Amino acid sequence: MVPLRARILIADDHAMVRRGLRHVLDAAPDLEVVAEAGDGIEAVELGLREDIDLAILDVAMPRRTGLAAARELSTRRPELKILMLSMHDNDLYFFEALKAGAAGYVLKTAADRDLLDACRAALRGEPFLYPPAVAALLREGVDAELLTPRELEVVKLVAEAHTTDQIAELLMISPRTVERHRENILSKLGMRDRVELTRYAIKRGLVEP
């Protein structure tokens with residue numbers, strides 16, 4: 001059942017973006033922002049703890065991407081509706097958002113036009129697809145995803161200049177497992193070092209340049 005006034009978590013590492021989103025959402029009579037997060041880890045903590053109906057997550061956030069946060073929230077709290085927000089009009093992000101359990105993908109450049117409709121569609125249990133996403137769905141597939149979700153998390157943290165021990169602590173795995181992930185990633189991508197991985201992470205939107 002759609003709540004009369006849906007309670008919303010917004011997660012974006014830019015305070016100005018959060019203020020803008022709050023302004024748009026709080027002006028709607030059926031929507032209310034009740035929590036804000038500045039990175040992916042905080043988004044998961046609040047998403048599991050707070051009484052919310054909908055989480056709006058930026059794709060690229062520090063410490064944990066919005067996609068990884070969406071994946072964890074949809075697994076641990078499957079009734080929670082999730083929307084992804086991004087500045088990237090990118091087919092791979094869109095498909096990864098759907099795979100992570102999101103009901104839709106809203107471009108920041110079109111948030112004024114699309115955000116309220118996307119929220120209401122998600123709360124009704126319906127997908128929200130912006131026009132380029134519909135076109136992407138009609139095309140025959142996308143390039144096969146080379147890296148696993150865990151490997152993408154490692155790439156992001158490597159590109160953010162975290163050490164092996166720091167990555168191990170953040171992902172709650174051993175340093176040796178981090179090293180093994182890094183070796184597999186370099187092999188799969190045909191790359192040699194951290195510099196090339198960082199370029200890849202920027203190109204994929206895992207980190208901002």
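User: Which residue in E4 does Leu 57 stand opposite?

Analyst: This is a predicted model, in which local features need pLDDT of at least 70, side-chain atom pairs count only at pLDDT 80 or more, and totals for chains, interfaces and linings use all residues. Residues are numbered from 1 along each chain as its sequence is written, and side-chain values use heavy atoms, leaving out hydrogens and water. Strand E3 (residues 54-58) runs parallel to E4, and five bridges join them. The residue in E4 opposite Leu 57 is Met 84.

User: In E5, which residue is the bridge partner of Leu 83?

Analyst: Strand E5 (residues 104-107) is parallel to E4 and joined to it by four bridges; two strands pair if DSSP finds at least two bridges between them. The bridge partner of Leu 83 in E5 is Gly 104.

User: How many of the residues of strand E4 are buried?

Analyst: Buried means under 20% relative accessible area, exposed over 50%, and partly exposed in between (1.4 Å probe, protein chains only). Strand E4 covers residues 81-86 and is mostly covered. Of its six residues, the number buried is five.

User: Which are the edge strands of the open sheet?

Analyst: The open sheet has five strands in the order E2-E1-E3-E4-E5, with parallel pairing. An edge strand pairs on one side only, which holds for strand E2 (31-37) and E5. Helix H1 (residues 15-26) packs on this sheet, touching strand E1 (6-11), E2, E3 and E4. The edge strands are thus E2 and E5.

User: At what angle do helices H2 and H3 pack?

Analyst: Helix H2 (residues 40-49) and H3 have axes 9 Å apart. Their contact (heavy atoms within 4.5 Å) involves, among others, Ala 43 and Leu 48 of H2 with Leu 73 and Arg 76 of H3. H2 is roughly parallel to H3, a term for angles under 35 degrees, with over 145 roughly antiparallel, 65 to 115 roughly perpendicular and the rest oblique. The packing angle is about 20°.

User: Which helix lies in the β-α-β unit with E3 and E4?

Analyst: The unit is right-handed: with the strands pointing away from the viewer, the path from the first strand over the helix to the second runs clockwise.

User: Is Gly 101 buried or partly exposed, and with what relative accessible area?

Analyst: Gly 101 has its place in the loop between helix H4 (91-99) and E5. Not counting residues up to four places away in sequence, Gly 101 touches Ser 74 and Ile 82. Gly 101 is partly exposed, with a relative accessible area of 40%.

Conventions. Helices (H or I, at least four residues) and strands (E, at least two) are DSSP runs, numbered from the N terminus. Axes are lines fitted to C-alpha atoms, for helices over the stretch in contact, and angles run from 0 to 180 degrees between N-to-C directions.
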